[in-house]
Amino acid sequence: MSSELADAAETAVEQCLRVAPDESVVVVTDDERERIGVALYEAASAVTDDATILRYPPADQHGTEPPAPVAAAMAESDAFLAPTTKSLSHTRARGNACEAGARGATLPGITEDVFTTGLDADYAAIDAACDDVLAQVGDADEIRVSSPAGTDTTFGIGDREWLADTGMVHEPGDFSNLPAGEVFVAPETATGTYVVDGTMMPHGLLDEGQTLTFEVEDGLVTSVGDDAVREELETAAESVGDAAYNLAELGIGTNVGVDELVGSVLLDEKAGGTVHIAIGDNAGIGGETDAPVHLDGILRNPTVYADGDEIDLPSA
């Protein structure tokens with residue numbers, strides 16, 4: 001194992017999760033992320049004698065529930081780490097584990113490059129940037145996002161709570177993505193147009209000048225200007241109907257150490273000065289929609305208004 005992998009895993013275990021010698025840790029991984037899973041398992045094993053690693057085949061879609069034994073192990077742990085090909089962030093397994101008192105971090109779609117780059121971060125600066133953004137948006141009833149690519153969408157926040165993904169996962173029930181750095185909300189409603197010109201699966205990093213356009217009415221995506229994204233949503237809609245088209249999330253990147261997009265949604269959605277908007281499931285982040293899909297699209301150079309006032313976005 002490379003020293004970079006080992007160092008990044010040590011940061012995750014000791015700084016982000018602050019694992020103690022008397023705690024149980026479960027690492028959940030799959031066949032395509034095994035090296036990262038093993039690095040985290042070895043870092044956890046250096047701290048506690050109660051570390052376990054569980055591996056299963058990669059899922060087909062983000063938000064697919066893991067096997068029942070994996071979900072049970074997560075819920076019974078003190079801390080869990082999940083470097084997987086498809087995201088467990090918005091699964092009931094993850095939510096139930098945190099409700100049971102486990103704290104944890106998911107690393108969806110993580111690559112070794114993103115792992116070593118993203119964990120080499122100043123988490124105190126990320127924490128401060130999250131606090132600054134929360135202070136500007138936390139009490140707003142309405143958020144408007146515009147961008148040079150053509151975005152103009154208004155979000156009604158309602159009673160939904162803004163959350164911060166700081167990477168600091170120290171208390172029972174705490175949860176974060178790693179790499180970390182965003183402030184986000186599950187809006188009650190949204191209307192307008194948003195144009196993704198950064199990163200979005202299944203494409204990855206979009207080519208210069210390439211854009212994906214989405215129309216939103218009353219909280220539902222009504223038009224998808226891309227065949228590949230439309231196919232993923234149509235597949236999810238076969239089981240949950242219109243819930244697959246729910247405008248699920250508005251997020252603001254706060255990782256001031258990420259100064260360019262690399263094609264990883266996990267890292268790119270955290271980049272300071274970006275906004276991401278997601279479609280599908282938001283039951284795990286304060287919303288009410290349960291769907292087997294959660295597709296984030298990253299917007300470059302956005303302007304964000306809170307109740308009409310432009311906010312200051314973090315920048316690298």
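Predicted model: local features only at pLDDT ≥ 70, side-chain atom pairs only at ≥ 80, totals over all residues.
Q: How many residues are in the largest nonpolar core?
A: The largest nonpolar core has 77 residues. Phe 115, Ile 143 and Phe 214 have the most contacts inside it.

Q: Which helix gives the largest share of this core?
A: Helix α1, residues 3-16. Six core residues come from it.

Q: And what else is there, as a second core?
A: A separate core of eleven residues. Tyr 56, Val 70, Met 74 and Ala 97 are among them.

Q: Back to Phe 214. What is it in contact with, leaving aside neighbours within four places in sequence?
A: Its contacts include Gly 192, Thr 193 and Tyr 194. Val 221, Ser 223 and Val 224 are also among them, and so is Ile 279.

Q: New topic: Asn 246. Where is it found?
A: Asn 246 is in the loop between α7 (227-240) and β15 (247-253).

Q: Is Asn 246 buried or exposed?
A: Buried. Its relative accessibility is 12%, and the cut-off for buried is under 20%.

Q: What does Asn 246 touch, not counting residues up to four places away in sequence?
A: Gly 219, Leu 220, Ala 278, Ile 279, Gly 280, Asn 282 and Thr 289.

Q: Now salt bridges. How many are there?
A: The count comes to ten salt bridges. One of the pairs is Glu 23 with Arg 103, with the closest N and O atoms 2.7 Å apart.

Q: Which parts does the pair of Glu 23 and Arg 103 tie together?
A: Glu 23 lies in the loop between α1 and β1 (24-30), and Arg 103 is in strand β4, so the bridge ties together parts 80 residues apart in sequence.

Q: Are Glu 23 and Arg 103 buried or exposed?
A: Both are buried.

Q: What about Glu 34? Which side chain does it meet in a salt bridge?
A: Arg 55, at 3.0 Å from N to O. Glu 34 sits in helix α2 and Arg 55 in strand β2, 21 residues apart. Glu 34 is partly exposed, at 34% relative accessible area.

Q: How many residues apart are Arg 230 and Asp 227 in helix α7?
A: Three, so about one helical turn separates them.

Q: How exposed is each one, Arg 230 and Asp 227?
A: Arg 230 is partly exposed, at 27% relative accessible area. Asp 227 is exposed, at 59%.

Q: Last one: which residues do salt bridges that share partners join into one network?
A: Asp 31, Glu 34 and Arg 55.

Conventions: Residues numbered from 1 in each chain as written. Heavy atoms only, no water. Core = buried A, V, L, I, M, F, W, Y, C linked by side-chain atoms within 4.5 Å. Buried < 20%, exposed > 50% of the residue type's maximum accessible area, 1.4 Å probe, protein only. Helix = DSSP H or I, 4+ residues; strand = E, 2+ residues; numbered from the N terminus. Contact = heavy atoms within 4.5 Å. Salt bridge = Lys/Arg side-chain N within 4 Å of Asp/Glu carboxyl O.
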